[in-house]
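I opened my notebook to keep track of what I looked up in this protein.

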Amino acid sequence: NDLAKIKTFLDESLRLGNEGLMAKRLDSPYVPGTRGRYWFKIKPAETLDLVIVGAEWGHGRRRGWLSDYYLAVYDDENNEFLVIGKTFKGLTDEEFKETTKKLLELKVKDEGWRIWVQPKIVVEVAFNEIQKSPKYKSGFALRFARIVRFRPDKSPYEITTFRELKELYEKQFKVKSKLS
């Protein structure tokens, strides 16, 4: 119940190269391969400022909304935006509705199930890890990306750069190498 002790324990775990901590109810059942609702990961989330460059139409409850957003960094050396993944997490239903309207106004290409837009909407995105990915031109993808908030105070040219993304990717291995 002591937050200061928990913070110290978490900091020590991170210093040793671990991702974070696992909290669980002491009487919770152990099921191999499953955390269930009694186990929780505690780890810091890094964030990047990215721009939405495309979106896919949602399914099920999100039908009728653009809800799967393609996120990009800015490659200032080549003056282009490079996709580093997509997410549909982090927004309320009302934010999805409003963002759909804005994205349709910014549309530059329509592929039916997906549209591409002018890079105007900047978002802060939390993520778990940066991974190599042949799927995107950038060569990278974000693991467990989720939108934290919109950044109307930033222009698309003030977002995280491709160079910064590559530096963060390399930095991950310095932390992980402490485990060896």
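These are my entries, from the whole protein down to single residues.

**Entry 1: ground rules**

I noted that this is a predicted model, in which local features need pLDDT of at least 70 and side-chain atom pairs count only at pLDDT 80 or more, while totals for chains, interfaces and linings use all residues. I also wrote down that residues are numbered from 1 along each chain as its sequence is written, and that side-chain values use heavy atoms, with hydrogens and water left out.

**Entry 2: the whole protein**

I looked up the secondary structure and found 3 helices and 11 strands. Here helices (H or I, at least four residues) and strands (E, at least two) are DSSP runs, numbered from the N terminus. Read from the N terminus on, the order is α-β-β-β-β-β-α-β-β-β-β-β-β-α. The C-alpha trace spans about 50 × 40 × 30 Å along its principal axes.

I then checked burial: 39% of the 180 residues are buried. Buried means under 20% relative accessible area, exposed means over 50%, and partly exposed is in between (1.4 Å probe, protein chains only). Contacts came next, meaning heavy atoms within 4.5 Å. Of the contacts with a separation of 6 or more, 57% are between residues 24 or more positions apart.

**Entry 3: helix α2**

I picked helix α2, which covers residues 93-105. The helix has 13 residues and reaches 19 Å from its first C-alpha to its last, close to the 18 Å expected at 1.5 Å a residue. That expected span is 1.5 Å times one less than the number of residues.

Which residues of α2 are buried? I found Phe96, Thr99, Thr100 and Leu103. They sit on the same side of α2, because they cover an arc of only 110° around the axis. The arc is taken from the directions from the helix axis to the C-beta atoms. On the other side of α2, I found Glu94, Lys101 and Glu105 exposed. The buried residues of α2 pack against several strands, including β3 (46-57), β4 (66-75) and β11 (146-150).

**Entry 4: Thr100**

I zoomed in on Thr100, which is buried with a relative accessible area of 6%. Leaving aside neighbours within four places in sequence, Thr100 is in contact with Trp57, Gly64, Trp65 and Leu66. I also compared Thr100 with Ser67: they are 33 residues apart in sequence and 7.6 Å apart in space, C-alpha to C-alpha.

**Entry 5: nonpolar cores**

I reminded myself that in soluble globular proteins, nonpolar side chains tend to be buried together. A nonpolar core is a set of buried Ala, Val, Leu, Ile, Met, Phe, Trp, Tyr and Cys residues joined through side-chain atoms within 4.5 Å. The largest one here has 29 residues, and Tyr69 and Leu103 are among those touching the most other members. Elements that each supply at least two residues of this core include β3, β4, α2 and α3 (162-176). A second, separate core of 11 residues includes Ala72, Tyr74, Val83 and Ala141.

I followed Tyr69 further. Not counting residues up to four places away in sequence, its contacts include Phe96, Thr99 and Leu103, which I had already listed as buried residues of α2.

**Entry 6: salt bridges**

How many salt bridges are there? The count comes to 16, where a salt bridge is a side-chain nitrogen of Lys or Arg within 4 Å of a carboxyl oxygen of Asp or Glu.

I looked at Asp49 and Arg151, whose side chains meet in a salt bridge (3.3 Å, N to O). Asp49 lies in strand β3 and Arg151 in the loop between β11 and α3, so the pair ties together parts that are 102 residues apart in sequence. Asp49 and Arg151 are both buried. I saw that Asp49, Arg151, Asp153 and Lys154 are linked in a network of salt bridges.

Next I checked Glu111, which is partly exposed at 29% relative accessibility. Glu111 forms a salt bridge with Lys109 (closest N and O atoms 3.5 Å apart), and another with Arg114 (2.6 Å, N to O). Lys109 is partly exposed at 47%, whereas Arg114 is buried at 17%.

**Entry 7: Thr160**

Last, I found Thr160 in the loop between β11 and α3. Is Thr160 buried or exposed? At 10% relative accessibility, Thr160 counts as buried. Setting aside residues up to four places away in sequence, Thr160 touches Asp49, among others, along with Leu48 and Leu50.
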